[in-house]
Every structure is written in structure tokens, then in C-alpha cells.
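Visitor: I would like a close look at a single part of this model. Please take the charged side chains and how they pair.

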Amino acid sequence: MRVKDQHFLKKQNQSLVLEYIIQNGPISRAEIAKHMAMSPTSASRIVASLQGEQLIKEVYLHTDEVGRKATYFMANEHSVIFVGIEIDVGVVRVGLMNLIGELIIVRSFQTETDHYDHVVEFIGQMVNDLIIEQQIGKDRIAGVCVGLPGLIDNEKGTVGFSAQFNWKNVPLKQMLEQKLDCEVFIDNELKLKALAEYVSASLPYKNVVMLGFGKGVGSALITDGEIYRGTNNMSGEIGHMTLDPYGAYCPCGNYGCLQTYIAIDFLLDEASKSRPMDSIDELVAAYKKKEKWAVNILEKASTYAGLAIKNVVCAYNPDAVFLSGSLIEEYPEIAELVIEKHSNSTLFPESYSYELHVTQMKGIGVVKGAALSVQRKLIKNFNFKGGS
């Protein structure tokens, strides 16, 4: 075996052992060796290398033998910190997560998000203030991941286009790394939220789809625990599927996209034809009063949303579908209407093959998913000094 291949296997084994300890600790060397199908010597060397990096720690637990303690290992939860950030319209949220996946703190800040230069400055100040407040040394920050809506090149860390902010070709990774002086990753917010939902779900799903209905419309697929990205991270952009080439203009440059029938701004434009309308709250209030024009608007939008669920299920055949986005999470009436419209739609072969849920992650989903994304990168790519 070539030296390069040996090094890769050592690094891979170290990553797998670290992941196993995070998920299952406290655990003994013998249990690690058995589970990982490696020799006790290899297990001991890897454990020693992880201790040397201060990523795991020893704990002593009583065994069945009277008065005897055994040595076990568990993740050193405060050894490294992962920063997850969400940029939403008018809001930036930031969270700090420890090695075992616990959010230490999540904060939400109102700010202007139309200009990316301002957002970069704001995030830089906010993150620095937060780690000082929490008394966290900068050397413990393993990385930062930012989630935002739009077409994101996660490899280059650029925002190709975000209709919500009207950002185009923004080198966000580069700008934030200069400001924060640490590694930064950029990703689509719905993909990160889907990852958080997948990790947090108590049921053993293999494939999960998340649909987002709010300022835009999108979907994200998690398959075998990994985000499905497609080429250039463009998978899941169902909001820009063309329903009617002669329909309303979409900021993406096309006409009649799915989101022009569902997204908030388009609903408000439609509502304004009947009454001056400044917020979705007013539209929902009119719907609750059973004003016919409001009922028609939301029923039509919910019908399209229900069909979107059906089409995504036909395309991906998932175990579960989670509904998210401000229209779903902030307005139970709309969530119920979407589920009703979907349930009443024509039966199709996959009708009973999946479970339909409303997300439980709520406002922390993107932040948690962003932090989990950095955690996974650390585990997979950490440059361990030791080896088996």
C-alpha cells in the first residue's frame, strides 16, 4: 500500500473514531476497537492522538467489579466551538455550538440586509462581541458557516444570486474570512436547515426532503445523512420551475416560476389588487374573517404548495417531508391549509410512502445546521498529528 493511501486510511479511521465517540461516549477502548473492527493497538493509538488534540477526555466509571473503576472516553465538549449564522431579510442570527452538538447560545439581531458590505461588517462585529461575552478564545473557533437564501456556490463561497436581498456574484466567503480571520463556509439556508432537521429527528429516516415557503420557495434533500447538492449546489431550486411561461415576472429573470404563485411578495401583490396591503399579517387576518378575496388568494397559493409537495415526492421518493418557511412556521392557518390541499389532491403511487411533518427546528434551524456543517467538516478533514 502506498504511503499516501496509508495516510488517508489513518486519517479516515481517526475521523470515524472521533465521530463514534461524540455520538456514543462514554466508551472504552475495547468497545471502540470492536465497533471499528480494528486491533486494540490501533484503537489505543487513535485515542491517544485524539487526546493529544484535546478533542476527547478520560472519564472513570464504576464497573460491576466492586471498587474498580474503568477508563472510558468521551468528547471534550468545550474543546472547539462552531459558529452558525443565518442571514434573513432584515435579520441576522448567530449561534455558538460545542463539539457534541449543543447550542451554547443563539442571538437574533435586526439589521439592514440590502447591502452585503454592511452585513459583512455587522457579522464581524457581532461574532467578535459574542465570543468575548462567552469568554471563548479565538483559537477555539473551528470555523464559521453562513446560511442564506439564494443560488450559492458552496465550493467557492460565493452568492450567485439571492432574490431576497438582490445580491449578485458576491464573494461572501472571502469578505468574511478577511473580517473574522478564520475559515468561513457559505451555503444555502434551506439545505442547512434540512441537515439540522435530519440530525434532530428521532425517527430513523434515510432520505428526508424539506420544503420552504416564505419569501421564496425551495427544497432540500438529505440522503443517507448527506446534503444532496447536484452540480454547483443547485439542486432543490423548485421555486424557479416554470409553471406558466406567460405568467408573472420572477426576479430570476424568467416568467411564471412556482414561487410567483406562493412567495410572500407575490401574495401581497395579488392582495393589493383588492385592498392596500403591507404585510402578510393583514392578509391572514382577512382570511380568518373569511373575506372571500383573501380566502381565494391563500387557497390558490396552498393548492400550488400542495402540488409542490406531490411533485417533490414523485421526484425524490423520500421517507419524510418537512414543511418550513415563514408562511408555514408563523401562520398555522396556512400550514393547515397547505396540508389539507395536499391531502385532497389526486392520489399517486407514492401517496402512502412517506410521512409529512411541519418542522420542529423553527428559528434555530439554519443556525444549527450551519454549525453542524462546520462540525462535520472538522471531523472529516481535521489534520491529526497522531495516527494508527
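Visitor: Is D265 buried, partly exposed or exposed?

Guide: The model is a predicted one. In it, D265 has a relative accessible area of 38%; buried would need under 20% and exposed over 50%, so D265 is partly exposed. The side chain of D265 forms a salt bridge with that of K215, at 3.1 Å from N to O. K215 sits in the loop between β11 (207-213) and β12 (217-223), while D265 belongs to helix α7, so this pair ties together parts that are 50 residues apart in sequence. K215 is partly exposed as well, with a relative accessible area of 37%.

Another salt bridge joins the side chains of D187 and R229, at 2.7 Å from N to O. D187 is in strand β10 (residues 184-188) and R229 is in the loop between β13 (226-227) and α7 (264-271), so the parts tied together here are 42 residues apart in sequence. D187 is buried, with a relative accessible area of 3%, and R229 is buried at 19%.

R275 and E291 form a salt bridge too, with their closest N and O atoms 2.6 Å apart. R275 is in the loop between α7 and α8, and E291 is in the loop between α8 and α9 (292-316), 16 residues apart. R275 counts as partly exposed, at 36% relative accessibility.

The count of salt bridges comes to 15. E86, D88 and R93 are linked in a network of them. Elsewhere, D278, D281, E282 and E330 gather in a surface patch of negative charge. Of these, D281 is placed in helix α8 (residues 280-288) and is partly exposed, at 46% relative accessibility.

How values were computed. Residues are numbered from 1 along each chain as its sequence is written. This is a predicted model: local features need pLDDT of at least 70, side-chain atom pairs count only at pLDDT 80 or more; totals for chains, interfaces and linings use all residues. Side-chain values use heavy atoms; hydrogens and water are left out. Patches are made of residues with over 30% relative accessible area and no salt bridge: like charges are joined within 9 Å, nonpolar side chains (Val, Leu, Ile, Met, Phe, Trp, Tyr) within 5 Å. Accessible areas come from the Shrake-Rupley method with a 1.4 Å probe; for residues, only the protein chains shown count as cover. A salt bridge is a side-chain nitrogen of Lys or Arg within 4 Å of a carboxyl oxygen of Asp or Glu. Lys and Arg count as positive and Asp and Glu as negative; His and the chain ends are not counted. The place of a charge is taken as NZ of Lys, CZ of Arg, CG of Asp or CD of Glu. Helices (H or I, at least four residues) and strands (E, at least two) are DSSP runs, numbered from the N terminus. Buried means under 20% relative accessible area, exposed over 50%, partly exposed in between (1.4 Å probe, protein chains only).
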